[in-house]
Amino acid sequence: MHKKLFILSAIMLLFFQASAQKRKFDVQGKAGARGIMPENTIEGMLKALDLGVTTLEMDAVISKDKQVVLSQEPYFNNEISLLPNGKPISFKDQKNYNIYQMDYEQVKKFDVGSKIHARFPGQMKFKAYKPLLSETIDAVEAYIKEHRLAKPVYSIETKTIKNGDNEFHPEPAEFIELIMDVVNAKKIAKRVIIESFDMRTLQYLHEKYPKVKTSLLIDEKEPFEDYIEKLGFKPTIYSPYSVLVGKGLVDRCHEMGIKIIPWTVNTVKDLKYFMSLGVDGVITDFPNLMHQVK
């Protein structure tokens with residue numbers, strides 16, 4: 001009897017392992033590992049790899065000299081930034097430090113790692129700069145080779161603001177071309193997702209580079225079908241604000257052959273809940289949470 005139970009247990013274990021492998025859960029580290037390390041820094045990306053993320057989520061903006069730079073906003077956010085002289089930036093003045101109006105050599109002089117982050121007080125602090133997308137990819141690829149880690153996916157968000165074309169960023173076509181120049185030069189197109197709230201960038205990408213994966217970011221409660229109709233094609237991933245996600249939405253995405261990956265899931269309780277709904281992954285500021293899921 002005990003032998004039969006052992007065999008049955010072994011078969012069930014193999015079944016569940018096979019199911020898990022077939023449906024790989026995508027852990028995306030927001031801006032690297034934003035809850036633990038300064039956001040959109042090379043150090044943060046490498047930490048995320050150590051924590052076992054499958055996808056490095058990062059944000060891209062463009063400098064005056066047409067460099068692709070990692071940044072959550074197309075300006076220096078007062079919440080995380082210090083001037084080259086070490087002085088803080090006020091909320092009122094932050095948009096005056098417009099990255100699209102600076103050459104990258106100017107951008108690199110700002111410190112985005114030393115200031116205490118009010119929303120992430122446990123974040124490690126050190127002097128850091130906004131890196132180029134190209135040097136980030138180089139650092140990641142060297143690190144995974146050295147440490148024999150799995151190759152990650154790069155999910156790159158085009159950071160645009162309403163009515164910001166030609167003031168805070170280029171128009172969609174140029175924005176995408178600048179990113180894809182880097183992606184193609186580094187020969188990682190098969191491991192790239194371009195994500196955005198701005199449908200225009202995804203529409204251009206889909207037309208010009210139809211094989212590159214896309215992720216539509218959503219932050220407002222409108223019918224799923226309406227968003228897909230506005231986009232004009234089925235994205236690889238539908239990525240809504242987590243509070244908008246329920247079982248019905250998960251099922252509708254899967255019925256259309258679209259993956260669903262909510263943002264930003266930052267507690268073990270929420271992580272378990274969304275996994276129980278059948279989502280395909282999560283974007284999280286704390287990728288170390290996965291080690292606490294049993």
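# Chatting through the model: cores, helices and salt bridges

Colleague: Which residues are linked in a network of salt bridges here?

Modeller: Lys30, Glu57, Asp59, Glu157 and Lys159 are linked that way. A salt bridge here is a side-chain nitrogen of Lys or Arg within 4 Å of a carboxyl oxygen of Asp or Glu. Bear in mind that this is a predicted model, where local features need pLDDT of at least 70, side-chain atom pairs count only at pLDDT 80 or more, and totals for chains, interfaces and linings use all residues. Residues are numbered from 1 along each chain as its sequence is written, and side-chain values use heavy atoms, with hydrogens and water left out.

Colleague: How many salt bridges does the structure hold?

Modeller: It holds 16 salt bridges.

Colleague: What does aspartate 165 pair with?

Modeller: Its side chain meets that of arginine 200 in a salt bridge, at 2.7 Å from N to O. Aspartate 165 sits in the loop between β4 (153-158) and α5, while arginine 200 is in helix α6 (residues 199-208), so the pair ties together parts 35 residues apart in sequence. For those labels, helices (H or I, at least four residues) and strands (E, at least two) are DSSP runs, numbered from the N terminus.

Colleague: Is aspartate 165 buried, exposed or partly exposed?

Modeller: Partly exposed, at 23% relative accessibility. The cut-offs are under 20% relative accessible area for buried, over 50% for exposed, and partly exposed in between (1.4 Å probe, protein chains only). Arginine 200 is partly exposed too, with a relative accessible area of 36%.

Colleague: Which residue does aspartate 198 form a salt bridge with?

Modeller: Arginine 200 again, with the closest N and O atoms 2.9 Å apart. Aspartate 198 counts as buried, at 12% relative accessibility.

Colleague: And what about aspartate 251?

Modeller: Aspartate 251 forms a salt bridge with lysine 247, and their closest N and O atoms are 2.8 Å apart. Both are in helix α8 (residues 247-255), and being 4 residues apart there, they are separated by about one helical turn. Aspartate 251 is partly exposed at 30%, and lysine 247 is partly exposed at 42%.

Colleague: New topic: which residues touch the most other members in the largest nonpolar core?

Modeller: Out of 65 residues, those are Leu56, Leu133, Tyr154, Ile156, Ile179, Ile194 and Tyr238. The largest share of this core, 7 residues, comes from helix α5 (residues 172-185). By nonpolar core I mean a set of buried Ala, Val, Leu, Ile, Met, Phe, Trp, Tyr and Cys residues joined through side-chain atoms within 4.5 Å.

Colleague: What is isoleucine 156 in contact with?

Modeller: Leaving aside neighbours within four places in sequence, isoleucine 156 is in contact (heavy atoms within 4.5 Å) with Met58, Ala60, Leu133, Ile179, Val183, Val192, Ile193, Ile194 and Glu195. Apart from that core lies another, of 13 residues, among them Phe76, Tyr104, Val112 and Leu132.

Colleague: OK, helices now. At what angle do α2 and α4 pack?

Modeller: Helix α2 (residues 42-50) and helix α4 (residues 133-147) pack at about 30°, with their axes 10 Å apart. Axes are lines fitted to C-alpha atoms, for helices over the stretch in contact, and angles run from 0 to 180 degrees between N-to-C directions.

Colleague: Which residues meet there?

Modeller: From α2 you have Ile42, Met45, Leu46, Leu49 and Asp50, meeting Glu135, Thr136, Ala139, Val140, Tyr143 and Ile144 in α4. They divide into 8 nonpolar, 1 polar and 2 charged. In that count Ala, Val, Leu, Ile, Met, Phe, Trp, Tyr, Cys and Pro are nonpolar, Asp, Glu, Lys and Arg are charged, and the others, Gly among them, are polar.

Colleague: Backbone next. Where is asparagine 40?

Modeller: Asparagine 40 is in the loop between β1 (26-29) and α2. Its phi is near 55°, a positive value in a residue other than glycine. At 2% relative accessibility, asparagine 40 is buried.

Colleague: And arginine 148, buried or exposed?

Modeller: Exposed, at 79% relative accessibility. Arginine 148 lies in the loop between α4 and β4, and has a positive phi of about 55° although it is not a glycine.

Colleague: Last one: which peptide bond is cis at threonine 264?

Modeller: The bond from tryptophan 263 to threonine 264, with omega near -20°. Threonine 264 lies in the loop between β8 (259-260) and α9 (268-277).
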